[in-house]
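Please open the structure in your viewer and keep the selection tool at hand. The stops below say what to select next and what is there.

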Amino acid sequence: MNVSRKNQTIVWSLWAILFLVVNIYAIIQFPPIKGSNLGDFIAFIIVAIIAGGIPIVLKQIPFSITQWISLVVFMEFGLLAELILGQIIVLSAMVRLRLTKDRLFAFPLNSIMYFVMSLSSAAVFYLLGGVHGIGTNITNIQFIIPAAGYLVAYLFSNYLIYYLINNVLYQRRTPFFTDAFKWESVIVLIVFPVSLLLYYLYNMIGIISLVFVSFPVICCQILLHFYNKSKQMNDYLQRTAELGHQLTERLQANEILNIFIEKLIDLFPIDYLYVFDNKNNEKLELIRSYEKGVEDPVSLDPIVVTEGIIGKAWKLRKPLLYKTKVEWLKDNKGYFPFDMESGICVPMVKSNEVTGVLFIGSEKKRIYEKYHVMILDILCSYLAVALDNARHYEEMKYASERDSLTNLYNARVFTNRIEEAFRYLQTGKWRTVSLLIVDIDYFKKVNDTYGHQSGDAVLIQVAKLLEEMVGDRGLLARYGGEEFVVLLPNMDKDEARDFGEWIRRRIEDERFVIYNDLSDERQKVTVYLTVSIGLANAPDDTDEEMSLIRCADRALYLGAKQVGRNRVAEYVK
């Protein structure tokens, strides 16, 4: 969540004041304890940096384990040394995170947290009667209680500040007692005896004790770290398999892309996402985009398959990983958000053919690792297969619903839609429905005079004209031969008659240009056509779907064809 410039300035100003005041106060009131060894203190700092750099993850929450060192440094070297150690731990953590310019305020924010934690913990330690220099007498209750109080104060002050930052600075409502607080409490209970052991051994045998204690502790941290990594990888693989099943179960391309993008954003840290489709192995066309929570915010011209980051991934047929902006800027050509740092570009490959390219990006540096690339590569394979299946399904569905000559809906689709229309009438969704059957007059004469191919050309031209006129008013289909049907929802009989009359006049006035395939020389000819139209309505004429067709057909032949053609006839009971 973003923090305003004003609040960032306040944080930096508060940190500068605290840094100066707290350190001067600590130097005057809590100078280094006499006899402290600078070399030993530096060794503790090194171990703290190492331990802090190996976080463990519990219930998806990362924890940095350095409390056991902070307590020993405080008791052995004093408050000033512990303040210095805390600031060094913060600085090393910020360096590892490689903060972007707009996130630099995280350093003073965390530094202030450590200042408050150190001071509050020390205050509790002293209030409970704690003193420095106990040496090896760690069984004394006057030592254990203040030391335990130090860690408890350390824990509570940490989460109190965290609570205030979330609720005041970030305006994000969070409870105080979170899962992180519970797990941190468990960690404090575990590290407390470790701190006592290290303090005791240090006073018994010196700095070598740091090796004896820190080595097994850090080894445990490393083992837990790698265990969590492998567990995270297994979780990724499981969720990847689940997503793969979800994708392959869908048969609509848009639905597949919606699910893929939604799950991918949940699975990866993503600020930017772009999906490109391969167009005839020449250009890559952007079909989906996502930027900072907004879907499809940009539209781009097609990218030549040999250009830029997307073209490079297409050409190499392997994923590309960019950890910083400097890396991807070298390959970039065209649009990419300038505040993006990390990125992964993965080609979608099926049957050794690149069907598209996916790109994800983040504003954070080095946010993606190699296992992210591997998971994303698997997901892109699933996506490529799912989209290919969807395309085949849509092509077959289209072919099964369309008339092969005119590309209009066929009779089967019309039959299904008229059944659906009567369900809508029964439920009250539609108040009425009209049906027009349009038949071309003397069409056989066109075939006999100019040839069947010319007749087909006439049918195609009539179909296009009808498609233009009907538009989204209703359903247009080729019913068979030279007959077309128009299903008109919520259009009463009078409106349908006027609409049919308009169709009749438009076709009568239209010039249809065809070739004479029966002449010795294939020449262009112009023909004029007329149509006869039968009209029926439900519920005025009938309340059954098949009966509506019969009524319109009866009106066509008895009311129009047999009385001279070129007219609109409505069904009369």
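A patch, in the sense used at the first stop, is made of residues with over 30% relative accessible area and no salt bridge, with nonpolar side chains joined within 5 Å. Please keep in mind throughout that this is a predicted model.

**First stop: a nonpolar patch**

Select Ile17, Leu20, Val21, Ile24, Ile27 and Ile28, which together make a nonpolar surface patch of about 590 Å². One of these residues, Ile24, is found in helix α1, which covers residues 5-29. Is Ile24 buried, partly exposed or exposed? With a relative accessible area of 42%, Ile24 is partly exposed, because that term covers what lies between under 20% for buried and over 50% for exposed.

**Second stop: aromatic pairs**

Trp15 and Phe19 are 4 residues apart in helix α1, so about one helical turn separates them. Trp15 counts as buried at 17% relative accessibility, whereas Phe19, at 38%, counts as partly exposed.

Now select Phe156 and Phe181, whose ring centres are 5.3 Å apart and whose planes stand at 70°, so that this pair is edge-to-face. This pair links distant parts of the chain, since Phe156 belongs to helix α6 (residues 141-169) and Phe181 to helix α7 (residues 179-205), 25 residues apart. Phe156 is partly exposed, with a relative accessible area of 39%, while Phe181 counts as buried at 7% relative accessibility.

Select Tyr424 together with Lys429, which lies over the face of the Tyr424 ring at 4.3 Å from the ring centre. Then select Tyr442 together with Arg565, where Arg565 lies over the face of Tyr442, at 4.5 Å from the ring centre.

**Last stop: the whole chain**

Zoom out to the protein chain, in which there are 17 helices and 16 strands. Its radius of gyration is 39 Å, well over the 25 Å that the globule rule gives for 573 residues, so the chain is more spread out than a compact globule. The C-alpha atoms fill a box of roughly 120 × 50 × 40 Å along the principal axes, and 46% of the 573 residues count as buried.

Terms used: Residues numbered from 1 in each chain as written. Predicted model: local features only at pLDDT ≥ 70, side-chain atom pairs only at ≥ 80, totals over all residues. Heavy atoms only, no water. Patch = residues over 30% accessible without salt bridge, like charges linked within 9 Å, V, L, I, M, F, W, Y side chains within 5 Å. Areas by Shrake-Rupley, 256 points an atom, 1.4 Å probe, with all protein chains shown as cover. Salt bridge = Lys/Arg side-chain N within 4 Å of Asp/Glu carboxyl O. Helix = DSSP H or I, 4+ residues; strand = E, 2+ residues; numbered from the N terminus. Buried < 20%, exposed > 50% of the residue type's maximum accessible area, 1.4 Å probe, protein only. Phe/Tyr/Trp six-rings, centres within 6.5 Å; stacked < 30°, edge-to-face > 60°. Lys NZ or Arg CZ within 6 Å of the ring centre and 35° of its normal. Rg over C-alpha atoms; globule rule 2.2 N^0.38 Å.
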